[in-house]
Amino acid sequence: MNKFTALVRARTMEFLRDRGTFFWNLLFPVILVIGFSFAFGSGGDSLFKIGVSGLKDDSRGTFLELSSIEVIAYDSKSADVIEKLRRHQLDMYIDFDSMTYYLNDESSSSEILRIITGAELSGFTENEISGEPIRYIDWAVPGIIGMNMLFSCLFGVGFVIVRYRKNGVLKRMKATPVSPLLFITAQMSSRFVIVLITSVAVFTGTNLFLHFIVNGSYLLLLLITALAILCMISFGLIFAARLKSEELTSGLMNLLTFPMIIFSGVFFSLEGAPVFMQKASKVMPLTHFIEAARAVMIDGAGLIQIMPNILVLSGMTVGFLIIASMLFRWD
Amino acid sequence: MSDLIRIENLIKTYGNVRAVDGISFSIPEGICFGLLGPNGAGKTTTIEMMEGILKPDSGEIYFHGRKIDRHFKQKVGIQFQNTALPEFITVKETLELFQALYPNPRTIEEIIEICSLADIIDRDNRKLSGGQRQRMLLGLAIIPRPEMLFLDEPTTGLDPQARRNFWELIGKIKAENTTILLTTHYMDEAEVLCDQIGIIDQGKLLEIDSPSKLLSSHFDGALVRVPHFGREDLVFSDGSLSGDFLEITTRNLDKTMKELLQSELNLEGLSIKKPNLEDLFLKLTGTSLRS
């Protein structure tokens, strides 16, 4: 066994045998995912939602007056509107200018609307598009897993190394021929494998009965997950570099993770938020992970589309590592 | 005997406290050297500079006549005063971890044998008693087959039985011709284990020699100690005041006792004995080692 393997092995055994921490790392995200899927599950209102554009006073469509139908007006036809129909956020879209209407052939609401509106829309061209509905949980699952990754990386590396420094484990290591770089790399590797396996397990496990939408590549999801974990561990190392007090470390980490969770769009979209807030969220690794994961899962984005997020995460990782290595002290 | 390790004029300052104030000495190969001093004397600071853990403000450390370099850590074994062990892993797993860190480590069987670890080898580190823990830490320290072993107060806090057991282990390691530097504030420990001792106080080295030579050069005959009850006016040849006591080193006990009786000092609490290191320490520093 070489030095590196021995250090990784010891740290991993320490984690696996600490049952409390181990199960908490696994159970916490599962409970959140399931909880959210129940709390914001399907059902909701029974209204039909019809998007319209080019609607004039003399336009046909007495069905638009029905109280069970919500009409949402758009300026003109756009890819955005079609995307909303694809995701079942609209049940029908009518463009009066071009005398065209669009339905989603995977939506039962669309099917009913075809019957209700059929007579009045004679002469209109029908278009069908397909798409599964997006549930809140499909949208939220990357955020919940990402949040768990953030906790696990910060506390599992940053906090643990501060504890090692305080109780003398680091000093004992300093007295051996182990270099700081090797020791830290071993800590990172152990935590990297643990968090990656935990995240994949939580996703796969909850996916068994929640059937998340994944339009893009699973491999790409794995890649950004791995990259995000590296980035978050490196971030944690900055705390680990020099701090000596567990209380201060824990306080600082909570101070930083709290806004990250709020402003990275874990639970709600930042689309309507003030611009400065949206910009501020871009400095957080979690934001980039969530953006990229959602793009792959929901929009089926490929490598090219999420390249900006990948580049930012990689750049942050390198930056954090450089800062951490400059600050690092054994004692 | 050539010197294995030599330090020259080591100085270390914390804030405006000079913890180590220009200490120099050398340790010949194969001996056990004891560094004695009260708490806060600078023992730990000195030993940690010699281990390469602390950087001295100034001064040099030579190992085999050369300044210590990065290979030094492979050749020395270290037992700190306080060390936490990795949690949730067993004694054996901890030994295996440290084995992997050195180029030519001892086998687990050797360490179990030398440090009497057989009964606790599969125990979780967190469940070790004080004595078991020190045996285990000694085991970690000897893994690299060190030429030089540093032990910083290895028996502090142990009960007398565990301390004696620990001395036996040190004896075994010494028999392998390993050079040992030990700090302690137990005089009996130094007398049993050490071939040479250095006494330090307030960051300075006061004396250095073998225990018997130190005693014979400072004490001649018997040591009479008696509480002086505030009578600091008493004058005796070879007598000195140390704390609440008057101490007289005498070759003529008969004469000294007569003088004491004449002085009308209350002789309640008087003791006469052959001086030991504890007395020497009191004489040199004016304070008790454990105060």
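Q: Helices (H or I, at least four residues) and strands (E, at least two) are DSSP runs, numbered from the N terminus. With that in hand, how many helices and strands does the secondary structure of chain B come to?

A: Chain B has 10 helices and 14 strands, while chain A has 12 helices and 5 strands. Keep in mind that this is a predicted model, in which local features need pLDDT of at least 70, side-chain atom pairs count only at pLDDT 80 or more, and totals for chains, interfaces and linings use all residues. As for names, residues are numbered from 1 along each chain as its sequence is written, and chains are lettered from A and ligands numbered from 1 in the order in which they are written.

Q: Then let us talk about confidence: where in each chain is it lowest, and where highest?

A: The score to read is pLDDT, the predictor's confidence in each residue, from 0 to 100. Chain A averages 87, with 97% of its residues scoring at least 70. Its lowest confidence falls in strand β2(A), residues 69-74, at a mean of 82, and its highest in helix α8(A), residues 218-240, at 95. Chain B has a mean of 88, and 98% of its residues reach 70 or more. There, strand β12(B), residues 239-242, is lowest at a mean of 75, whereas strand β7(B), residues 148-152, is highest at 95. For the complex, the predictor gives an ipTM of 0.78 and a pTM of 0.78.

Q: Is chain A compact or spread out?

A: Here we compare the radius of gyration, taken over C-alpha atoms, with the globule rule, 2.2 Å times the number of residues to the power 0.38. Chain A has a radius of 25 Å, well over the 20 Å that the rule gives for 331 residues, so it is more spread out than a compact globule. Along the principal axes, its C-alpha atoms fill a box of roughly 85 × 35 × 30 Å. For chain B the box is roughly 70 × 40 × 40 Å.

Q: What does a hairpin look like here, say the one formed by β1(B) and β2(B)?

A: Two strands pair if DSSP finds at least two bridges between them. Strands β1(B), residues 3-14, and β2(B), residues 17-28, pair in the antiparallel sense over 9 bridges. B:Ile11 stands opposite B:Asp21 in β2(B). The hairpin has 2 residues between its strands, and B:Gly15 in the turn has a positive phi of about 60 degrees.
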